[in-house]
Amino acid sequence: MAVVGFEKRGEVALILVDNPPVNAISRQVRAGIIDRIIQVQEDPQVKAVILGAIGRTFMAGADIKEFGQPPLEPGLPAVLQALDHTPKLMVAALFGSALGGGLELAQACHYRIALKGTKLGQPEVNLGLIPGAGGSQRLPRLVGLKKALEMIVSGRPISAEEALEAGLVDRLAEGDILEAAVAFAEQMVAEHAALRRTSMLDVDTSDIEAGFFDAYRQKTAARSRGLVAPELAIEAVEAVTSMNFSDGVTNERRLFMQALYSKESEALRHVFFAEHVVRRIPHLDPMIKPRRIDAVGVVGGGTMGGGISMAFANAGIPVTMLEVSDQAIEAAKQRMRANYQGAIKRGKLTEAEVEERLALIRGTTNYEDFGEADLIIEAVFEQMDLKKEIFRELDRVARPGAILATNTSYLDTNAIAAETNRPGDVLGLHFFSPANLMRLLEIVKAAKTHPEVLLTAVKLAKRISKIGVISAVCHGFIGNRMLEGYIREAGLLVLEGAEPQDVDQVIYDFGFAMGPFAVMDLAGLDIGYMLRRQFPAERFDANAYRLLDRLVEMGRKGQKTGAGVYKYEAGSRQPQIDPVSEGVLAEERKAAGFPQRRIGDEEILLRCLFPLVLEGAKILDENVAYRPGDIDVVWINGYGFPAYKGGPMYWADKVGVGKIEAAIEIFGETHGGRWWQAGRLLKYLSREGLGFEEYYRQKFPSIYE
Ligand code: 3H9
């Protein structure tokens, strides 16, 4: 099958890209489009040409797999040039997603028609890039400079309706996009419509006030810490005010190449693929199909249960939510309604849409009402006995084939599954709070979980806009298991002489949104306190939690009590250094008897981050996670690891596994070998001079397929 097909309907020729799944503009697509343009130019019968696509979407952009590889000719700019010079009337027929290079191709056509529901955008910044095929020069000529800047710098796509209003598309269509595009093209030919070349249009800069770009830069810098692409994008678009089209395109190309070879872009592209590969279950029998999930039950309407219910309602899936009393149901509904208010205020949802979603959530106090559910998720306190009791009940009422899931963040999913007569249908679905917003979902595969159940969970995660990452059963699964070392070292560092605000600053400067102490204050110090008491004391380094435990015992539980490690003014989330907490720390330093010293920023960073790598390597070696990239996805989406640093395992590869192993050995000598012990895999990779990603791709290529 040709990757770029061709057909004629009367005097209209159709150039149709057919490169599943998303019609990415690969080398063959580029070459194919150029060939077809030459073909139509030579055909005197053809009066107009449609640039369209087959399948589920218009072109969703350049083929990201090609970035970082030697360039393959012809490049996208050559296609754009061919389009720009064609003497036939060109119409782009848009549907699905017209993104990145796809939208740039559409902009180079003379007219654009879009099916309602189409998303149009320049999302390159999300990959650390900027438009590289004229988008920064053509888009301002179509929609105005401010709108183009906003689209290119934010990367957010707009709807077809918004695109029509902005002048990016000329007509909206319903039904068959190609039929509509042909009719539109015929009409334009009949009306002798001009060949409207975007490159020849003037840019209206009358609304650009003095100092506009400086102010825009400042605003952007504040929300895109650590990223180079947004600044490069502004520079590219700003050129519209001082350069002609051709110079603007040359300038854009230079900036695009700068972005392409930045370490941030390389990391973000790694994350893009890791977030897709994570959905693949290695060695899954292709005959296995997911089960249908049309109705969900949730046990518990607290913060977690409520958030989970909202996540399903947001995807249009009806939920039955079980609580202990009618009052508790009402309270849960009020909380959910209040949570939705934020979305209404931000203009993301209308009152009517919120009501529609809330109507999908039905409260009950009766387990029997779960009889129709295809999936039931338990979301109650982290108490094994309680969870076991609930699973015995669920086993009794759930229909055969229904999936039973626990939202536990630490407890043994195998033990919970063993309470039922259907352990194959049981797994963990570990949502992160707030569950309606956080993208991460750890899918915990218990020893007996049926592959069909696992596949259902992976598909369902995507349906509810989450990134599902499979973890085997272990204490804390992937994310929380790694968190332990990170928090432990933060706790020890402050006993040795670092201040909590120093630790937080170093981690913030690395790229996390918050340091560990600020995060614990936000989450509630009492949560970790209670959790630690559920497990044998030898799991933990008692010194590491001296400060935190004392604060909790004083009633300082974090933001919710106005004070934790820091203090907070009423209604503020801004941490302030608190002499009370400093006093407690001074006492605990003395009690621990640690010699006090000045600790440099580099030691703080490495002491906090190397435990992530150390534990991540063990998690891989024990097959708790399938791939290093899966761990990256967990830490980026659940724990705020900066995406532009690629995740802890990718970052480790960049630092050098050998260097990390050597540092772990030194930390072991100076701080004791109890925690600082490299496992088998880390030692092996260090000895062989390999990185995690490199080793996994070489050794286990099938788990990426
Ligand atoms: C660009 O265009 C630069 C230019 O300005 C200049 C160049 C000179 N390439 O997400 P899905 C794969 S930069 C290669 O599950 P959905 C993806 O890996 C690009 N592959 O589908 C997955 O593969 P698999 C600007 C791509 O329906 C499969 O397609 N464009 C690409 O949920 C399905 O993906 C973007 O950044 C690609 N461009 O969502 C758009 N895109 O099945 C990025 C997807 O093997 N893509 N794949 O795992 C998206 O946002 C979503 O994929 C999209 C579809 C909304 C299109």
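Helix H9, residues 229-238, is mostly covered, with 7 of its 10 residues buried. The model described here is predicted.

**Helix H9**

- The buried residues of H9 are Ala229, Pro230, Leu232, Ala233, Ile234, Ala236 and Val237.
- Among the elements that cover these buried residues are helix H4 (135-143) and helix H5 (145-154).
- Helix H8 (212-223) and helix H10 also belong to this cover.

**The shell around the ligand**

- The ligand has 28 residues around it, and those that come nearest are Glu104, Glu124, His276, Arg280 and Lys462.
- By type, the shell holds 14 nonpolar, 6 polar and 8 charged residues.
- Four elements each supply at least two residues of the shell: strand S5 (97-99), helix H3 (101-108), helix H10 (245-260) and helix H11 (263-277).

- At Ala62, a backbone N or O atom lies 2.8 Å from an oxygen atom of the ligand.
- At Gly132, a polar backbone atom is 3.1 Å from an oxygen atom of the ligand.
- Arg279 takes part through its side chain, where a polar atom lies 3.0 Å from an oxygen atom of the ligand.
- The ligand taken alone exposes 1,000 Å², and the protein buries 78% of that area.

Notes
Residues are numbered from 1 along each chain as its sequence is written. This is a predicted model: local features need pLDDT of at least 70, side-chain atom pairs count only at pLDDT 80 or more; totals for chains, interfaces and linings use all residues. Side-chain values use heavy atoms; hydrogens and water are left out. A residue is near a molecule or strand if one of its heavy atoms lies within 4 Å of it. A polar contact is a pair of N or O atoms within 3.5 Å; within protein, one must be able to donate a hydrogen and the other to accept it, and residues adjacent in sequence count only if both atoms are side-chain atoms. Accessible areas come from the Shrake-Rupley method with a 1.4 Å probe; for residues, only the protein chains shown count as cover. Ala, Val, Leu, Ile, Met, Phe, Trp, Tyr, Cys and Pro count as nonpolar, Asp, Glu, Lys and Arg as charged, and the others, Gly among them, as polar. Buried means under 20% relative accessible area, exposed over 50%, partly exposed in between (1.4 Å probe, protein chains only). Contact means heavy atoms within 4.5 Å.
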